[in-house]
Amino acid sequence: MAKVNPDFAQEVKASEEFDAAACMNCGVCSAVCPMEIELLPRRVFRYALLGLEDRVLENTGNIYSCLLCKMCEANCPAEVHIAENVRFLRYYLNKNVFKL
Amino acid sequence: MIDNLRIRGSVLPIAARSATKWAKGLDIPRGGKTVIYTGLMYQLLPYITASVRNLERFEDSFWGKFVFVARYFNKILNVSKFMGFPSKADLTEYNQILRNIALLLRQAGVEFGYLHERELYSGALAYDLGADDAFRLHASKVYERLKQDGVQSLITVDPHTTNMLRTVYPRFIDGYDMHVRSYLEVLVERNMPAARKADADVVIHDSCVYARYENVIEEPRTLLDRAGYRVKELRDSKEMTHCCGGPVESLYPKLANRIGKKRVQQLENAGAQNAALMCPICLATLKKAGRAKIQITDISNLLAEAYCDGQFN
């Protein structure tokens, strides 16, 4: 069962950096990713948009595995700023999970 | 990493002597309105390569569970000093790349200084890992030092430092006013003739950051073409360049190596004698990916051979 954290959802919504709302879940990003991480970015972004903090935390390893190479972004038809979104999630994890 | 940045000014601190050795004998003036800015990237890579070699040994072992202990020691004692010792060959190779770039700029008639031991790392890794607060403090420190030294214009030598100083710093520092160009852009503008024309095929491995963050795509091609190289294009090139895997090497060395091997295979399939790279991380990662049937080299080596006539050595 998925659990929504309203504070997390609010922080994602209020963020100027996180812009995955335009994602149409086409999967091109996952298809071209050199790291071959299927979960990242589209599914993790969907979790973030829905405020499913637990699901995002389960994917901490994947989030830090991203190369930030923008291969996904170069192919994204919705022009989502994928690399910056990943960085936002890293920033969130650093502050709220690792307390850095 | 954040402690290193805050206490020692770099994610992997190295001695100033090591960071500035490349400039020995070049008599580059100290400071000035225009400076060559290395961001310490080429100098750091031999140390990172040596550290990763050791990290790989621990990655899946019993002792890997205790690597976190280093974090606490590092607050007092610079643990980086013990993480790996770079090979002399690597140090010579990476320093030569910086010398090539300085000599190319001189050959092109560019006047520039260098901050020598006052130069700081750009903070790129902290930014990439989302450590924005630590990054902001560090970026401010870098900018303050540039202003103290009267710098107005920066000539960068690697894609990550270019991206940080040109595109990211303005978002973190109010009133940021540095003019930043990659040395490749500067050389194209100067339009200098080749001292000797090459007669060889070359395939370009575009840096992700140059191609997709900074739009530095045509410049390496123009310079190689003017030097007489025949540039062979890959399907995965320019804006669609395939990452080398390097950015995650310190976290997941085995994954990075797999990606690197795939890219080397693509470069070999182009059928050229040389693969021209333009990033120290790409260079370290692809060379490490295994024995290649193609000469993997930094583009500055090819350009220096073609454009430098020896009078500025």
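## Strand pairing in chain B

Two strands count as paired when DSSP finds at least two bridges between them. In this predicted model, strand 5 of chain B (residues 201-204) pairs in the parallel sense with strand 6 of chain B (residues 230-232), over 3 bridges. Within this pair, V202(B) has V231(B) of strand 6 as its bridge partner, and V203(B) stands opposite K232(B) of strand 6.

Strand 5 of chain B is also joined by 3 bridges to strand 7 of chain B (residues 274-277), and these two strands run parallel. Here I204(B) stands opposite A276(B) of strand 7.

## The sheet as a whole

These pairings belong to an open sheet of 4 strands in chain B, with the order 6-5-7-8 and parallel pairing. Strand 6 and strand 8 (295-298) of chain B are the edge strands, each pairing on one side only. On average, and with direction ignored, neighbouring strands of the sheet are turned by 35° against each other. Strands of a sheet pair through backbone hydrogen bonds, either parallel or antiparallel.

Helix 14 of chain B packs on this sheet and touches strand 5, strand 7 and strand 8 of chain B. The direction of helix 14 makes about 80° with that of strand 8 of chain B.

## Helix 5 and helix 14 of chain B

Helix 14 of chain B (residues 299-307) also meets helix 5 of chain B (residues 88-107): their axes come within 9 Å and cross at roughly 40°. Because of this angle, helix 5 of chain B is oblique to helix 14 of chain B. The crossing of the two helices is left-handed.

From helix 5 of chain B, the contact is made by I97(B), N100(B), I101(B), L103(B), L104(B) and Q107(B). Helix 14 of chain B contributes S300(B), N301(B), L303(B), A304(B) and Y307(B). Sorted by class, this contact has 7 nonpolar residues, 4 polar residues and no charged residues.

## Where chain A meets chain B

Across the two chains, 15 residues of chain A are in contact with 20 residues of chain B. On the side of chain A that touches chain B, at least two residues each come from helix 5 (60-65), helix 6 (71-75) and helix 7 (82-96) of chain A. Helix 7 of chain A supplies the largest share of that side, 4 residues.

By class, the side of chain A that touches chain B has 10 nonpolar residues, 2 polar residues and 3 charged residues.

Technical notes. Residues are numbered from 1 along each chain as its sequence is written. Chains are lettered from A and ligands numbered from 1 in the order in which they are written. This is a predicted model: local features need pLDDT of at least 70, side-chain atom pairs count only at pLDDT 80 or more; totals for chains, interfaces and linings use all residues. Two residues are in contact if their C-beta atoms, placed from the backbone, lie within 7 Å. Ala, Val, Leu, Ile, Met, Phe, Trp, Tyr, Cys and Pro count as nonpolar, Asp, Glu, Lys and Arg as charged, and the others, Gly among them, as polar. Axes are lines fitted to C-alpha atoms, for helices over the stretch in contact, and angles run from 0 to 180 degrees between N-to-C directions. Angles under 35 degrees count as roughly parallel, over 145 as roughly antiparallel, 65 to 115 as roughly perpendicular and the rest as oblique. A crossing is left-handed if the near helix is turned anticlockwise from the far one by less than a right angle, and right-handed if clockwise.
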